[in-house]
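Biologist: I have a model open and want to learn how to read it. Where do we begin?

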Amino acid sequence: MAWWLRLAVLMMVGSHWAWGQCETSIPKLISQCGQYVEGSGPETTPSKACCDVITSLDIPCMCKYVTPDVEKLVNMEKVVFVAKSCGLTLQPGMKCGSTYFTYL
């Protein structure tokens, strides 16, 4: 199974349908931004389509649903890079999954 499909399943099942709680679409988030946050490879500036999805998210809410299994597929440093590249301001000390961002 492709990594992005595993991620979608993990977030949907493991988080009790997180997009309903956070008013977003996990499949759209994964399809538009998945390639920019996957575990391997260099940081890449996200597309406008990805930024459009990212800027519509409730990031603190979504972070509550990042499980250890999701963190095996997603590079959290890349998540910060993408968020900042899209113009979001993240609070130092914010927790996303098991990661605390102290260096924002």
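Modeller: Begin at the start of helix 7, where a side-chain oxygen of Asn75 comes to within 2.9 Å of the backbone nitrogen of Glu77. That is a polar contact: a pair of N or O atoms within 3.5 Å, where one must be able to donate a hydrogen and the other to accept it, and residues adjacent in sequence count only if both atoms are side-chain atoms. Note that this is a predicted model: local features need pLDDT of at least 70, side-chain atom pairs count only at pLDDT 80 or more, and totals for chains, interfaces and linings use all residues. Residues are numbered from 1 along each chain as its sequence is written, and side-chain values use heavy atoms, without hydrogens and water.

Biologist: Which residue with positive phi follows helix 7?

Modeller: Gly87, with a phi near 90 degrees.

Biologist: How are helices and strands assigned, and how many has the chain?

Modeller: They are DSSP runs, numbered from the N terminus: helices are H or I, at least four residues, and strands are E, at least two. Here there are seven helices and two strands. Their order from the N terminus is α-α-α-α-α-α-α-β-β.

Biologist: Which residues of helix 7 are buried?

Modeller: Buried means under 20% relative accessible area, exposed over 50%, and partly exposed in between (1.4 Å probe, protein chains only). An α-helix has 3.6 residues a turn, so residues three or four places apart point the same way. In helix 7 (residues 76–85), the buried ones are Met76, Lys78, Val80, Val82 and Ala83.

Biologist: What covers the buried residues of helix 7?

Modeller: The cover includes helix 3 (26–37), helix 4 (48–54), helix 6 (68–73), strand 1 (94–96) and strand 2 (99–101).

Biologist: How do I read a core?

Modeller: In soluble globular proteins, nonpolar side chains tend to be buried together. A nonpolar core is a set of buried Ala, Val, Leu, Ile, Met, Phe, Trp, Tyr and Cys residues joined through side-chain atoms within 4.5 Å. The largest one here has 30 residues, and Leu29, Ile54 and Val82 touch the most other members. Helix 3 gives the most to this core, with six residues.

Biologist: What is Ile54 in contact with, beyond its neighbours within four places in sequence?

Modeller: Contact means heavy atoms within 4.5 Å. Ile54 is in contact with Leu29, Cys33, Ile59, Val82, Ala83, Cys86 and Leu88.

Biologist: Is Ile26 buried or exposed?

Modeller: Ile26, in helix 3, is buried, with a relative accessible area of 0%.
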